[in-house]
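Dear colleague,

Here is the structure I wanted to hand over to you. Please have it open while you read the notes that follow.

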Amino acid sequence: MLGLKNRYRLLIWGALLVTAGLLLAACSGTGDTSDGTGDMAVEQSAEREILYYTCGMHPSVRVSPAQYERGKTTCPICNMNLVPVYREVSGRKAKGERKIAYYRNPMNPEITSPVPAKDSMGMRGL
Ligand SMILES: [Zn+2]
């Protein structure tokens, strides 16, 4: 019951968004307000930010979104359509580099410390 209702509401919102988008497209298509629509398109992709565009065959090719919007949509080497590379939003937390969770006593794994600690078991002797 509730799920269906929510889904229905989502549909209405979706329809509204599409309608708004169509209206915007219609306005920009007929009118001469072409300078304002570019920003809108960029803001739409806030969730998945495009880092740059690249070629599937040539990863070294990198075209900035600004260049892409200016018409540089194909690879300069093989003329293939460039594909967008997104910034991963889900991996925002400590992406790439591993963070140290704790330090562990090499002699006794049960002894852990959040900071590098001089251990109390006579490790200095080693
Ligand atoms: Zn290419």
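With 12 C-beta neighbours inside 10 Å, R48 counts as exposed, since a residue is exposed if 12 or fewer other C-beta atoms lie within 10 Å of its own, buried if there are 20 or more, and partly exposed in between, the C-beta atoms being placed from the backbone. This is a predicted model, in which local features need pLDDT of at least 70 and side-chain atom pairs count only at pLDDT 80 or more, while totals for chains, interfaces and linings use all residues. Residues are numbered from 1 along each chain as its sequence is written.

R48 sits in the loop that runs between α2 (34–44) and β1 (50–54), and its C-alpha atom is separated by 6.3 Å from that of R87, although the two are 39 residues apart along the chain.

Leaving aside residues up to four places away in sequence, M80 touches C55, G56, M57, T74 and C75, where contact is taken as C-beta atoms, placed from the backbone, within 7 Å.

As for the whole chain, there are three helices and five strands, arranged along the sequence as α-α-β-β-α-β-β-β; these are DSSP runs numbered from the N terminus, helices being H or I of at least four residues and strands E of at least two. Of the 126 residues, 3% are buried.

Best regards

Key. Two residues are in contact if their C-beta atoms, placed from the backbone, lie within 7 Å.
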